[in-house]
Structure formats: C-alpha cells, structure tokens
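Okay, thanks for having me. I'd like to walk you through one structure today, so please have a look at it first.

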Amino acid sequence: LGVLISGLMLVIGGIYIVLGYYADLGALLLAIFLVLAAVIFHNFWKETDATAKQTEMMAFMKDIALAGGALVIFAMVAKQGGEIDFGWVISKAHIALWK
C-alpha cells in the first residue's frame, strides 16, 4: 500500500509540474515524498558498515537535494500566482532569456 501511495505521489506530482496544472501542489507533493523517503529509507546514521553507511548517506543526500529542487519550483510557481513562468520569452522577433 505504501509503494502504491508513494508511486501515485511521484506520478501525480510530476504530471502536475510538466503540464503546469497545479504545479505548486505537484512540487509540494514531490518535496514531501522525497524528505520522507530520505528519512525513512536512507537512515545512514544506523549503519555500522562503512560502505553501507556511505551508500545510504549518498542516497539520503540525493533525496534531500531533489526535495530542495522541488521546493525551488514550488517557490517560483507560488510567486507567480500558480502559473509557471520562468521569465524567458521566445517570439519570432527575438529570443530573450529575461523579460
């Protein structure tokens, strides 16, 4: 049941972000999932073997870094009022990275 719920959180969160529909909710779902997965599944502080400890620590840091990226997306989308607008404009007249 936990695997199904976590899989749904990842799929729904990713689809929301890609489509730009409730992207703030999608990014928040991903961040919550990643922080919980890091703490629950990659508890390197309980490992006694040095190799296993290093492996779990890398996985923990990866999940925390991805959660940070999801929170950056959340902040960018929430600041724009729920719409994805990363600031660049592409038109036939010109291509600019910032408005």
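I'll talk about the aromatic rings, then a histidine, then a pocket.

Quick housekeeping: this is a predicted model, where local features need pLDDT of at least 70, side-chain atom pairs count only at pLDDT 80 or more, and totals for chains, interfaces and linings use all residues. Residues are numbered from 1 along each chain as its sequence is written, and side-chain values use heavy atoms, with hydrogens and water left out.

Rings, then. Searching the whole structure turns up 4 aromatic pairs; a pair means rings of Phe, Tyr or Trp (its six-membered ring) with centres within 6.5 Å, stacked if the planes are under 30 degrees apart, edge-to-face if over 60, and tilted for the rest. One of them is Phe 44 with Trp 45, edge-to-face, at 5.2 Å centre to centre and 75° between the planes. Trp 45 also pairs with Phe 60, again edge-to-face, at 5.8 Å and 90°.

Helices here are DSSP runs (H or I, at least four residues), numbered from the N terminus. Taken together, the ring pairs make a cluster of Phe 44, Trp 45 and Phe 60.

Buried is under 20%, exposed over 50%, partly exposed in between (1.4 Å probe, protein chains only).

Next, His 42, which lies in the loop between H2 and H3. His 42 counts as buried, at 18% relative accessibility. Its side chain makes a polar contact with the side chain of Asp 63 at 3.5 Å (N or O atoms within 3.5 Å, one able to donate a hydrogen and the other to accept it). Leaving aside residues up to four places away in sequence, His 42 touches Ala 37, Glu 56, Ala 59, Phe 60 and Asp 63, where touching means heavy atoms within 4.5 Å.

Last, what lines the largest pocket? Its lining includes Met 9, Phe 33, Ala 37 and Phe 41. Lining residues have an atom within 4 Å of a point on a 1 Å grid, and a pocket is an open set of points where a 1.4 Å probe fits, with protein on both sides within 12 Å along at least five of seven lines. Helix H1 (2-19) and H2 each supply at least two lining residues.
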